[in-house]
Structure formats: C-alpha cells, structure tokens
Amino acid sequence: MPRHSFAVSTGRDAPSAVREALRERGAHLPAAMRDDLLLLLTELVTNAVRHSGAAQGDPIQIAMRGGRDCVRIEVTDPGVGFDRPDRVVPDLSTTGG
C-alpha cells in the first residue's frame, strides 16, 4: 500500500467518512485485514471526535502506509491533548486486582 494521507472533519459524520475513505484506499487488502482496520480506525476517529476537544469541522488527519501483511495507521486530531497521569507502580507483594 502506498502512503495515503487524508482528513475528515470532526463531527458526527467523521466515523462513516473515514470508513468510506478506507474502503476506497484499502480495496486491495485482504478482506479480514480490511475489516479489522475499519473497526480500529472507526474507534480511533470516534475517540478523536468525542475526547479531543477539537471544534466541529476541525480536521482529523489520517495517514496510512504498509503492505499486504502490515498496515500502519496514524490518527492526529487538533485537540488540546491531556496531561499524562503519574505512573503508579503496583505493589506486587499484595494480592487483588
């Protein structure tokens, strides 16, 4: 798969727009891989719409590259991001969870 970059607008239609774009750009991929990518990309774009804080209509950028065995997809939104919480080191001497 050559590198493909495209954008969808933040909003309620973003997940369906990104699925349509992937169907066009990933038609040559094996069906099972394409189905997995459709699910994963839909989830990532939905998260960007819901949680990024980006304004309606802002672009969500998608970059795809790879081949028949492996595809890398990057989703970038214009949201404000978040502060990474401090890492909690578990106490391995206790049980529970």
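Trainee: Where in the chain does Thr10 sit?

Mentor: Bear in mind that this is a predicted model. Thr10 belongs to the loop between strand S1 (4–9) and helix H1 (14–25).

Trainee: Is Thr10 buried or exposed?

Mentor: Look at the relative accessible area. Buried means under 20%. Thr10 has 5%, so Thr10 is buried.

Trainee: Which residues does Thr10 contact, leaving aside its neighbours within four places in sequence?

Mentor: Val49 and Ala54 are among them.

Trainee: How many bridges join S2 to strand S3?

Mentor: There are 6 bridges between S2 and S3, and the two strands run antiparallel. S3 covers residues 71–76. Within this pairing, Arg65 stands opposite Arg72 in S3.

Trainee: What is the order of the strands in the sheet?

Mentor: Read it as S1-S2-S3. The sheet is open, has 3 strands and pairs antiparallel. S1 and S3 are the edge strands, since each pairs on one side only. On average, neighbouring strands are turned by 20 degrees against each other, direction ignored.

Trainee: Now the helices. Which strands does H1 lie across?

Mentor: H1 lies across S1 and S2. Compare directions next: H1 runs at about 160 degrees to S1. Helix H2 (residues 31–51) also packs on the sheet, where H2 touches S1, S2 and S3. The direction of H2 makes about 15 degrees with that of S3.

Trainee: How many helices and strands are in the chain?

Mentor: Count 2 helices and 3 strands. Reading from the N terminus on, the elements run β-α-α-β-β.

Trainee: What radius of gyration does the chain have?

Mentor: The chain has 17 Å. A compact globule of 97 residues would be near 13 Å. Check the box as well: along the principal axes, the C-alpha atoms fill roughly 50 × 35 × 20 Å.

Trainee: What share of the residues is buried?

Mentor: Buried residues make up 30% of the 97. The chain exposes about 6,900 Å², with carbon and sulfur atoms supplying 50% of that area.

Trainee: What percentage of the contacts with a separation of 6 or more comes from residues 24 or more positions apart?

Mentor: The figure is 64%.

Trainee: Let's finish with charges. How many salt bridges does the structure hold?

Mentor: The structure holds 2. Here is the idea: side chains of opposite charge can pair when their charged atoms come close. Take Arg25 and Glu24: their side chains meet in a salt bridge, at 4.0 Å from N to O. Then take Glu74 and Arg72: their closest N and O atoms are 2.8 Å apart.

Trainee: What relative accessibility do Glu74 and Arg72 have?

Mentor: Glu74 has 31%, so Glu74 is partly exposed. Arg72 has 46%, and therefore Arg72 is partly exposed too.

How values were computed:
Residues are numbered from 1 along each chain as its sequence is written. This is a predicted model: local features need pLDDT of at least 70, side-chain atom pairs count only at pLDDT 80 or more; totals for chains, interfaces and linings use all residues. Side-chain values use heavy atoms; hydrogens and water are left out. Helices (H or I, at least four residues) and strands (E, at least two) are DSSP runs, numbered from the N terminus. Buried means under 20% relative accessible area, exposed over 50%, partly exposed in between (1.4 Å probe, protein chains only). Contact means heavy atoms within 4.5 Å. Two strands pair if DSSP finds at least two bridges between them. Axes are lines fitted to C-alpha atoms, for helices over the stretch in contact, and angles run from 0 to 180 degrees between N-to-C directions. The radius of gyration is taken over C-alpha atoms; the globule rule is 2.2 Å times the number of residues to the power 0.38. Accessible areas come from the Shrake-Rupley method with a 1.4 Å probe; for residues, only the protein chains shown count as cover.
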